[in-house]
Amino acid sequence: MALIEIKQLEVRYGDKTAVSGLSFDVHGGEVYGLLGPNGAGKTSTLRTLAGLIAPAAGRVAVAGRDPQRDRGAVLRRLGMVMANTPLPEQMTGREALRYYGAFYDLPDLEGRIAFLEAELDMPFLDEEIGNYSTGMRQRVNVARAIIHEPDVLVLDEATNGLDVRSRRGVLEFVAAQRDRGAAVVYSTHVMAEAEEVCDRVGVIDGGRLVAEGTVQELLEMTGARNLELAYLELASRKRSEEVRP
Ligand SMILES: Nc1ncnc2c1ncn2[C@@H]1O[C@H](COP(=O)(O)OP(=O)(O)O)[C@@H](O)[C@H]1O
Ligand SMILES: [Mg+2]
């Protein structure tokens, strides 16, 4: 069974349709890239997985459960990293992680925080968050998202605004989560990142899936030498189809 299942998903805001007829699955041990320009519908899709948006039509499931009906169970399996999530500025990183960790019934929260402190290289955890750089904040955000060891992980433009070293840290982290069996959805508009970290990608535009396959398959489909060029080729093919009568 796929850990993430999306079938014919439709998301609407009032009379505006943001996502339409979107389907894809992600299995454990797999990183699925959700690629598309700003406004393509990536965030809208990912928010349905956490039960933050109810689909107007279609079905989403996390580990077989419906996030709308079974939100608690879904959130125990799911970790979500978004860009620029605000953190409590007056707390230290460790205090913040204790606060977020308390939502789950963890047998050894202090031990888990100490493990993540080493794993994500956060020697600054006892300083106030107000003094952190963007990269330090994002490491705390990643720690927050995986404090409960979720096996379904969603990263939405998680490397936005990060310097080279912090970005590298996030990419290595994603690969490590995949290797321990997690299902990961990685949304980005940066094709080079997707090319490096994703096993399979779905290209979305205007809320619809335009192409799907392994990075290698998309390169073969288009004859392009990298994913960025393949992406541009697929987008222009779609546009010329729309122009045709
Ligand atoms: N809260 C909202 N209200 C109205 N329209 C929205 C809202 N959030 C997103 N949209 C619209 O839905 C479409 C998809 O947005 P989004 O899912 O954020 O795309 P992406 O994450 O790929 O940039 C865009 O046209 C956006 O303007
Ligand atoms: Mg977005």
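## Sheet and helix packing

Strand E1 (residues 4-13) pairs with E4 in the antiparallel sense over five bridges; strands are DSSP runs of E with at least two residues and helices runs of H or I with at least four, numbered from the N terminus, and pairing requires at least two DSSP bridges. The model is predicted: local features need pLDDT of at least 70 and side-chain atom pairs pLDDT 80 or more, whereas totals for chains, interfaces and linings use all residues. Residues are numbered from 1 along each chain as its sequence is written, with chains lettered from A and ligands numbered from 1 in the order in which they are written.

The open sheet has three strands in the order E2-E1-E4, with antiparallel pairing. Strand E2 (16-26) and strand E4 (57-62) are at the edges with a single partner strand each, so one side of each lacks a neighbour in the sheet.

The axes of H3 and H4 come within 10 Å; axes are lines fitted to C-alpha atoms, for helices over the stretch in contact, with angles from 0 to 180 degrees between N-to-C directions.

Arg94, Leu97, Arg98 and Gly101 in H3 meet Leu109, Arg112 and Ile113 in H4, contact meaning backbone-placed C-beta atoms within 7 Å.

Technical notes
Two residues are in contact if their C-beta atoms, placed from the backbone, lie within 7 Å.
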